[in-house]
Amino acid sequence: MKQGIITLFIISTFVACTATENDVNQEEEDVLMVGDYEFVENLTNDYGLIWSWEGEFTTGEQEKVKDWITEVSEATNNTLGQYGFDVYVNIIRSNSKNRPVPFGFARRREGKNQVHLYVNPTATKDELLRDWTAQHEFSHLSIPFLGSKNKWFSEGFATFLSRQTMMDQGLYTQVEFDSLYHSKITEAKAYYNSSTKTFIEVSDSLLDNNVYSHMYWGSTTFLFTIDKRLRKERDIRFVDIMKEYQPLFRDSDKSIKDVIRSFDKVIGEDWCWELMAVYRNNPSNVIMEDY
Ligand SMILES: [Zn+2]
């Protein structure tokens, strides 16, 4: 294995996008990123993690964070398929006492697939592993950026797949997951009770009102529906579709339409396309009535 360390100094201004399932006020903010980039090639392929750090970290803290993120990255590749690109991981020091990872976001820009995480490195590795934020941000990278208009889809997608990855990490069982999805979706139902607005219109207005958690969980229903059907009719999970999607379509897909079509190509049916029409055209209370 060839292993090298390349250090680059990069200064750039980033505009953060929100990525939280909790109803925390998240302002858009400018993040000045100054960092050392360390490139480490992976054993199994040509792609790896490229690290940068903001704030002070001890060597021990950096080791712990690297161990944790490497585990999350490997788990993501096992669950969603091997990513065909490097992932730029930017760790920003946080002193949050509430959660070890209070905030994160994913970004695909200028050909770089990035995960930015605010981390309190005094948390134990176990506490870090049980936080869902890293799995959520890594999940985002499994499809292209779909634009802010389709945030309902991308956030439901990442919220669903982060827990699928955690399930494969042995942190939850399928039964525990079904029950988690159902209780979170049941809570979200109250917000999707409109008989006139479509599911997507309600999602957008929840987003405008910073009601993140219910929008994220409400929107998991799309993949949950496809996953349930695949489990029932094919005895496979949606993540099995993702494993085939990665090498075939991840690079060439540009829009939500492409992504939905590609999922259907892998499935060999029009399930996703048809379900999308239901989400676009039906009132939100109709979509949610099965939950
Ligand atoms: Zn997200």
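A residue counts as buried here if 20 or more other C-beta atoms, placed from the backbone, lie within 10 Å of its own. The model is a predicted one, so to speak of local features takes pLDDT of at least 70 and side-chain atom pairs count only at pLDDT 80 or more, while totals for chains, interfaces and linings use all residues. Residue numbers start from 1 along each chain as its sequence is written.

The chain has 12 helices and seven strands (DSSP runs numbered from the N terminus, with H or I over at least four residues for helices and E over at least two for strands). Take contacts, meaning C-beta atoms within 7 Å: among those between residues at least 6 apart in sequence, 68% join residues at least 24 apart.

Now for the cores, sets of buried Ala, Val, Leu, Ile, Met, Phe, Trp, Tyr and Cys residues joined through C-beta atoms within 7 Å. The largest nonpolar core holds 39 residues, and Phe157, Tyr192 and Leu223 have the most contacts inside it. Helix 4 supplies the largest share of this core, six residues. Setting aside neighbours within four places in sequence, Leu223 touches Gly156, Phe157, Phe160 and Phe238 in contact terms. Another core, of 27 residues, lies apart from that one and includes Trp51, Ala106, Val119 and Ala123.

Helix 4 (residues 151–168) also meets helix 1 (residues 59–80). Ala75, Thr76, Asn78, Thr79 and Leu80 of helix 1 are in contact with Leu161, Gln164, Thr165 and Asp168 of helix 4.

Methods. Axes are lines fitted to C-alpha atoms, for helices over the stretch in contact, and angles run from 0 to 180 degrees between N-to-C directions. Two residues are in contact if their C-beta atoms, placed from the backbone, lie within 7 Å. A residue is buried if 20 or more other C-beta atoms lie within 10 Å of its own, exposed if 12 or fewer, and partly exposed in between; C-beta atoms are placed from the backbone.
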